[in-house]
Amino acid sequence: MDKLLVALDVETGERALQLAADLRGLAGGVKVGSRLFTLEGPMLVRRLVDAGHRVFLDLKFHDIPNTVAQAVDAAVQTGAWMITVHASGGMAMMQAAVRAGRDAAERRDVPPPLLIAVTVLTSIDREALSGVGVHRPVMDHVVALAQLTRDAGLDGVVASPLETTAIRRACGDEFTIVTPGIRGASAGLPGDDQARTMGPADAIRAGATYIVVGRPIIAASDPRAAAQAIACEMAVA
Ligand code: C5P
């Protein structure tokens, strides 16, 4: 299932490689986050890419434009397929990321990476947003940052399932929306730290281009069976 991305939130590179192999044909890509990357480095990304996996390198770059451009260039060199930055880094930072992604891909003669921005982290509520000086409702800020992301030329955003419909309406059908926080239905595991959740089929119906699933698959006793159940449900949607 092309639209199912699996978050490899595990402790070692060997475990990540094993999981990715076990999910072959079911996962449309695997996500390497800051923990695994900090532990195992770019070599793990290259090994996953060499094994034929699409890698979503979720390091959420947020720095001055020149530094983000260099980081995106380095990410392209690992073979990453999808890369994240923070939209709150602003227009110039995001445009620098797009240019760097295109230039690096051209030099390597590969397709440019999908560049995706994080709008407002799902751990931030209205009070926390106000604490950093943003006084409008979270949803308004999310949609405004999604529009900034589109205007900067990026491919899309990461968004909670509850934000997908509003972003789709504001940014159009071509915009990529990557949705974590998948729970319920075939993706069991209620009662963890994800608060704003939706089932896999509903998330696709709400307009997600890709869904990101971690623990409901990687913590299952049979990850392949868990991924299969989620993929079946998504296919119905
Ligand atoms: O285990 P779970 O399904 O909650 O994993 C979701 C993945 O998506 C994790 O890697 C988490 O860090 C990531 N993520 C998220 N919410 C965001 C952005 C990323 O859950 N807003």
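Q: Which elements make a right-handed β-α-β unit with β4?
A: In this predicted model, the strand β4, the helix α5 and the strand β5 make a right-handed β-α-β unit. The two strands of this unit, β4 and β5, pair in the parallel sense over five bridges. Within that pairing, Met82 stands opposite Leu114 in β5.

Q: With which sense do β3 and β4 pair, parallel or antiparallel?
A: Strand β3, residues 55-61, pairs with β4 in the parallel sense, over three bridges. Here Phe61 stands opposite Val85 in β4. From β3 the chain crosses through helix α4, residues 65-78, to reach β4, and this β-α-β crossover is right-handed.

Q: Which residues of β4 point one way, and which the other way?
A: The general idea is that side chains in a regular strand alternate between the two faces of the sheet. In β4, Met82, Thr84 and His86 point one way, while Ile83 and Val85 point the other way. Residues on both sides are buried. Strand β4, residues 82-86, is accordingly described as mostly covered, with five of its five residues buried.

Q: How many Å should the 14 residues of α7 span?
A: The general idea is to count 1.5 Å a residue, so α7 should span 20 Å. The end C-alpha atoms of α7 are 20 Å apart, which agrees with that expectation. Just after this helix, Gly153 takes a positive phi of about 95°.

Q: Which residues of α7 are buried, and against what do they pack?
A: A residue is called buried when its relative accessible area is under 20%. In α7 the buried residues are Val138, His141, Val142, Val143, Leu145, Ala146 and Thr149. The buried residues of this helix pack against the helices α5, α6 and α8 and against the strands β5 and β6.

Q: Is Thr149 buried or exposed, and which residues does Thr149 touch?
A: Thr149 lies in helix α7, residues 138-151. Thr149 counts as buried because its relative accessible area is 0%. Leaving aside residues up to four places away in sequence, Thr149 touches Ala87, Met94, Ala117, Leu154, Gly156, Val157 and Phe175.

Q: How many disulfides does a search of the whole structure find?
A: The general idea is to look for a pair of cysteine sulfur atoms within 2.5 Å. A search of the whole structure finds zero disulfides. The surroundings of two cysteines can still be read from their accessible areas. Cys171 is buried, because its relative accessible area is 9%. Cys232 is partly exposed, with a relative accessible area of 45%.

Conventions:
Residues are numbered from 1 along each chain as its sequence is written. This is a predicted model: local features need pLDDT of at least 70, side-chain atom pairs count only at pLDDT 80 or more; totals for chains, interfaces and linings use all residues. Side-chain values use heavy atoms; hydrogens and water are left out. Helices (H or I, at least four residues) and strands (E, at least two) are DSSP runs, numbered from the N terminus. Buried means under 20% relative accessible area, exposed over 50%, partly exposed in between (1.4 Å probe, protein chains only). Contact means heavy atoms within 4.5 Å. The expected span of a helix is 1.5 Å times one less than its number of residues. Two strands pair if DSSP finds at least two bridges between them. A crossover is right-handed if, with the strands pointing away from the viewer, the path from the first strand over the helix to the second runs clockwise.
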